[in-house]
Amino acid sequence: AVVSAVTTNSFVVTDGTNNFYVFKPATMAAIGDKVTVSGVKTTYGGIVETSQGAEVEVIETGKTVEYTVADDITATFDAYPASNTGKTSDYVTFTGKLVKSGNFYNVEVEGATTYKGSVSNPIAALGLDALVDKTVDFTGYYVGTSGNSTKYINFVCTKAEEYTRGGGGGGEQPTYASNIEWTLGENASSDLATVNDVANVN
C-alpha cells in the first residue's frame, strides 16, 4: 500500500481502491512511500484503523498516489457517518466555513445541524491559517466521528482551497455571448428579463 495522506502524527494508506487509517504509528512515513504496516486492527469512531503504535516499514519511496474520485458529501453531511456501513476511510470532499478554536480547525457546513467537520492534526503545508473564517473546499479521507454535545466528522485533509462561486477562481464574473438580446418577459418587472440567446458561463 502507498501513503496517500498524512497528518502530524498519523497517515492513510491506499491501494488505489481501498483506504486504511494508520493511527499514531511507531514511525511516520511520507506521501508516496510504499509501506507495510503491522499492528492491531481496531474500530474507533465508526471506522476500522490500526491501534496506536503500529510498526511501519518503508519499502520504496516516491510512488505515484492513485487517488479515487472524491465523494461530495456537502449536501448529506449529517447523514454521512450512518451511511458509511463499511466503516472505511472513504475519500470525500465538502464545502464549509473554516473556524479555528484553540489548536483545532473545524468546519461549519451549511445546513448541517448534527455534525461539524474537524481537520485531524493538519500539516502546515495545507496553509489552513490563511483560510480561517473563509468558505473552503476540502478534500480528504474520512477517519471517523467524535464528540458528545458537539459531534465531529474527522478527516485527514489532502487539499483545502478557498471556495469561489462556480469553482474557478478569483470571483470572476460570468462572460456572455456578444449577440444576447435582453427583453422583458411576459411576467417580468422592469428589473427582470429573459435571455433570448445562449449565455456561456465560465
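**Figure 1. The side chain of Asn19 and its polar partners.** In this predicted model, the side chain of Asn19 makes a polar contact of 2.8 Å with the side chain of Thr14. A polar atom of the Asn19 side chain also lies 2.9 Å from the backbone oxygen of Ser89. Asn19 belongs to strand β3, which covers residues 19-22. With a relative accessible area of 14%, Asn19 is classed as buried, because this value falls under 20%. Beyond its neighbours within four places in sequence, Asn19 is in contact with Val12, Val13, Thr14, Ser89, Asp90, Tyr91 and Tyr141.

**Figure 2. The largest nonpolar core.** This core has 29 residues, and those touching the most other members are Phe94, Leu98, Val107, Val119, Leu128 and Phe138. Two or more residues each come from β9 (91-101), β10 (104-108), β11 (115-119), β12 (135-146) and β13 (151-162). In soluble globular proteins, nonpolar side chains tend to be buried together.

**Figure 3. The surroundings of Leu98.** Once neighbours within four places in sequence are set aside, the residues in contact with Leu98 include Tyr105, Val107, Leu128, Leu131, Val136 and Phe138. Asn106, Val132, Asp133 and Lys134 are also among its contacts.

**Figure 4. The salt bridge between Asp129 and Lys100.** The structure holds 2 salt bridges. In one of them, the side chains of Asp129 and Lys100 meet with an N to O distance of 3.2 Å. Distant parts of the chain are linked here: Asp129 lies in the loop between β11 and β12, and Lys100 lies in strand β9, 29 residues apart. Asp129 is exposed, at 52% relative accessibility, whereas Lys100 is partly exposed, at 37%. Side chains of opposite charge can pair when their charged atoms come close.

**Figure 5. The salt bridge between Glu162 and Lys134.** The closest N and O atoms of Glu162 and Lys134 are 3.8 Å apart. This pair also links distant parts of the chain, with Glu162 in strand β13 and Lys134 in the loop between β11 and β12, 28 residues apart. Glu162 is partly exposed, with a relative accessible area of 43%. Lys134 is partly exposed as well, with a value of 32%.

**Figure 6. Confidence along the chain.** The mean pLDDT of the chain is 86, and 82% of its residues reach 70 or more. Over residues 168-202, pLDDT stays under 50, and the model has 29 contacts beyond four places in sequence for these residues. Where pLDDT is low, the predicted coordinates should not be read in detail.

How values were computed:
Residues are numbered from 1 along each chain as its sequence is written. This is a predicted model: local features need pLDDT of at least 70, side-chain atom pairs count only at pLDDT 80 or more; totals for chains, interfaces and linings use all residues. Side-chain values use heavy atoms; hydrogens and water are left out. A nonpolar core is a set of buried Ala, Val, Leu, Ile, Met, Phe, Trp, Tyr and Cys residues joined through side-chain atoms within 4.5 Å. Buried means under 20% relative accessible area, exposed over 50%, partly exposed in between (1.4 Å probe, protein chains only). Helices (H or I, at least four residues) and strands (E, at least two) are DSSP runs, numbered from the N terminus. Contact means heavy atoms within 4.5 Å. A salt bridge is a side-chain nitrogen of Lys or Arg within 4 Å of a carboxyl oxygen of Asp or Glu. pLDDT is the predictor's confidence in each residue, from 0 to 100. A polar contact is a pair of N or O atoms within 3.5 Å; within protein, one must be able to donate a hydrogen and the other to accept it, and residues adjacent in sequence count only if both atoms are side-chain atoms.
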